[in-house]
Amino acid sequence: GGIINSFSKVEEVKSAAAYNAIRTSDADVLINPQYIVEEGNWNPFYKLIKVKVTGYPGKIISIKNSN
């Protein structure tokens with residue numbers, strides 16, 4: 001437990017939510033992601049973390065060298 005472990009778990013779930021949003025929208029990037037995090041401690045052995053992510057899906061069309 002502890003604050004550090006809880007923070008890392010929330011970040012892990014946020015990363016998974018962003019990955020799923022990009023994958024399901026067939027985007028390459030997620031622009032300006034905003035996260036809504038809900039945590040539930042209804043059991044001392046189990047913690048529920050729900051994350052909803054919103055943002056703008058972006059598609060990379062080309063990459064150009066500036067030289």
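Q: Which residue lies over the face of Tyr35, and at what distance from the ring centre?

A: A charge is said to sit over a ring if NZ of Lys or CZ of Arg is within 6 Å of the ring centre and within 35 degrees of the ring normal. In this predicted model, Lys14 is the residue over the Tyr35 face, 4.8 Å from the ring centre.

Q: Good to know! What is the mean pLDDT of the chain?

A: pLDDT is the predictor's confidence in each residue, from 0 to 100. Here the chain averages 88, and 91% of the residues score at least 70. Local features need pLDDT of at least 70 and side-chain atom pairs 80 or more, while totals for chains, interfaces and linings use all residues. Residues are numbered from 1 along each chain as its sequence is written, and side-chain values use heavy atoms, without hydrogens and water.

Q: Which residues make up the largest nonpolar core?

A: In soluble globular proteins, nonpolar side chains tend to be buried together. A nonpolar core is a set of buried Ala, Val, Leu, Ile, Met, Phe, Trp, Tyr and Cys residues joined through side-chain atoms within 4.5 Å; buried means under 20% relative accessible area, exposed over 50%, partly exposed in between (1.4 Å probe, protein chains only). The largest one here has seven members: Val10, Ala17, Ala18, Leu30, Ile49, Val51 and Val53.

Q: And is Trp42 buried or exposed?

A: Trp42 counts as exposed, because its relative accessibility is 62%. Its C-alpha atom is 27 Å from that of Thr54, a residue 12 places away along the chain.
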